[in-house]
Amino acid sequence: MIIYVLANILPGLIDWLFISANWIGETQDDCTKEGACWVFVNAWSQQSIYGSYPTDELWRVNLCLALLTAIIVSSYLLDKSLRAKISVPLFLLFPFICILLLDGSYIGLEKISTDFWGGFSLNVLLAAASIIIAFPLGFIWALGRQSHMPFARSVSIVLIEFFRGVPVLALFFMGSVMLPLFFPEGTNVDKLLRVWIVLILFMSGYMAEVYRGGLQAIPHGQYEAADSLGLGYWQKTLLIIFPQVVKISMPNILATFVMLFKNTTFLLIIGIFEMLSTTQTALSNSYWLGGYAAEGYIFVAIVFWTCCFGMSMLAASIERQLDTVKR
Amino acid sequence: MHHSASNPMDKNQEIITICDLNKWYGDFHVLKNINLTVRKGERIVICGPSGSGKSTLIRCINRLEEFQKGSLVVDGVEMIEDVKNIETIRREVGMVFQHFNLFPHLTILENLCLGPIWVHKKPKAEAEATAMQYLERVQIPDQANKYPGQLSGGQQQRVAIARSLCMHPKIMLFDEPTSALDPEMIKEVLDVMIELAEEGMTMLCVTHEMGFAKKVADRVIFMDVGEIVEQNAPNQFFTNPQVDRTQKFLQQILNH
Ligand SMILES: Nc1ncnc2c1ncn2[C@@H]1O[C@H](COP(=O)(O)OP(=O)(O)O)[C@@H](O)[C@H]1O
Ligand SMILES: [Mg+2]
């Protein structure tokens, strides 16, 4: 049944998507063939990937993306002892390196306001920068939640439940309306910074719950062994507990990462030229009123699917690698 | 062993002094008026039925458990509600657990070096050299780069003993170190413990291995329902128990 339907539809679909599709050209007028109008995507790919970032300065964005790839790959290849010494600090510095590079004014390059940042690259960098901060912050919240100190405990519970309970959309709305209230009057808090903070807090809430599951799975004997060696609280937590929690929770952590990645698309709510919003802008552009929405969305879907699929594959391979070390 | 080589002058020095120690879990009175002094180099075996408070007692000595009443002095440091004191005492006292409690995410060598590097601030190379020395003593230097999960129970327990020894403790606590092991592995662990005892380590050992008690113990302590019921030198304790409860207990474990 399904095969029958597929057999009927697929040839036509493939024809529309690829064979009689229009690939080359600059404007709508070049879309002369019957198939899909990919010219649209071509022409707008720079906008889709980089937003309105100045063409001459695109190398900065590329450098950030390359750096991210390099850090991820190197942490994968490096020896375990070096990983802690090199990869961890690099990861933690990464968001700030990106800010310096993309903004430019702090390091003597031309300043490029965040209004021009955008596109899929921003999506990726923002997701990475949020995850990197939420990764340790979520753990601290999870520790607070199981702490014996009433204050730390209640603050953690409120934070976790709030950022998990409120829909992301509402969080972004609050971020753009309410966050500025916490800053001194007159300071203009950058829109992107607000988004980043909201994403970090939202993500930390989810990570904290992921970690909580992991923390509960650590046998009590591990704490006792660490105590009996005379390790202090933070030594015990960072050297013994945290690595094991991360290992146990790895499947959930990666699933949460994929979710955050999807959630960055919500950025369009506050008008940043980000992946989906770029497409919408493109569609409402008068040149493209010919009704090529389908192509735009398929392109977005493919890019997103590729990224999420890639992350899932990576997750599976990390899990396999961890399995070999298990007892 | 160089660090605990006992000087005859020290022999009578008290290293653990427990006075009127009482502990409750809620309403449940786990430890009742425990009085116990341990001298330097003494080997003590603690036995008694399950649930009698043996683990709880030795866990009080390195403050894995807190107590509500009484006093406890370890090597001149009084156990009080103070992080500094607790950490000082923990550095003097090593502990071996029933279920080994090795750190599964670290290799054997890393398990051994963790304490010396982070607590004693030893350079890595020095910590590793010491660790290898102790691994040789417990006869598994070839396993240094494996993970705990790849070792047998007996090997894991020997690693756990080596891990404690790397911290150069003055006192070693053992909580049923062989009772989670398959019978054929018990001996390899007991052999290490006997060697340690012969070198003059101060040891408190909760175990039902009566052969071990007869061989190395200076004193055997019998506990029941939270009290020290009887204590005596091993030959007295086994041949001529003074209390009914001790007799019954000995019959049970010796006949099974
Ligand atoms: N965390 C705890 N909370 C309440 N009761 C406990 C706890 N730990 C141990 N107990 C109780 O204390 C008693 C003594 O335990 P334990 O010292 O482990 O005995 P043993 O080691 O002699 O078998 C047991 O009856 C046990 O049920
Ligand atoms: Mg016990």
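Contact here means heavy atoms within 4.5 Å. This is a predicted model: local features need pLDDT of at least 70, side-chain atom pairs count only at pLDDT 80 or more, and totals for chains, interfaces and linings use all residues. Residues are numbered from 1 along each chain as its sequence is written, chains are lettered from A and ligands numbered from 1 in the order in which they are written, and side-chain values use heavy atoms, with hydrogens and water left out. Helices (H or I, at least four residues) and strands (E, at least two) are DSSP runs, numbered from the N terminus.

**Four-stranded sheet of chain B**

- The strand order is β2-β1-β4-β5 (chain B) in an open sheet with antiparallel pairing. Two strands pair if DSSP finds at least two bridges between them.
- β2 (28–39) and β5 (77–78) of chain B are the edge strands; each has a single partner strand, so one side of each is left without a neighbour in the sheet.
- Strand β1 (residues 14–25) of chain B runs antiparallel to β2(B), joined by eight bridges.
- Within β2(B), V38(B) stands opposite I16(B).
- Helix α1 (residues 54–61) of chain B lies across β1, β2 and β4 (69–74) of chain B. Its angle to β1(B) is about 125°. Axes are lines fitted to C-alpha atoms, for helices over the stretch in contact, and angles run from 0 to 180 degrees between N-to-C directions.

**Six-stranded sheet of chain B**

- This open sheet has mixed pairing and the order β6-β7-β8-β3-β9-β10 (chain B).
- β6 and β10 (227–232) of chain B stand at the edges with a single partner strand each, so one side of each lacks a neighbour in the sheet.
- Neighbouring strands of this sheet are turned by 20° against each other on average, direction ignored.
- β7 (residues 171–175) and β8 (residues 202–206) of chain B pair in the parallel sense over five bridges. D175(B) has V206(B) in β8(B) as its bridge partner.
- Helix α6 (residues 183–198) of chain B lies across β3 (43–47), β7 and β8 of chain B, at about 145° to β8(B).

**Interface between chains B and A**

- Chain B gives 24 residues to the contact and chain A gives 20 residues.
- About 2000 Å² is buried between the two chains, and carbon and sulfur atoms give 61% of this area. Buried area is the accessible area (1.4 Å probe) that two parts lose on being put together, summed over both.
- R90(B), F103(B) and H105(B) supply 27% of the area that chain B buries against chain A, more than any other three residues.
- Two salt bridges are counted between chain B and chain A. A salt bridge is a side-chain nitrogen of Lys or Arg within 4 Å of a carboxyl oxygen of Asp or Glu.
- R90(B) and D227(A) form a salt bridge through their side chains (3.8 Å, N to O).
- α2 (83–92), β6 (93–96) and α3 (108–118) of chain B are the elements that give two or more residues to the side touching chain A. The largest share, three residues, comes from α3(B).
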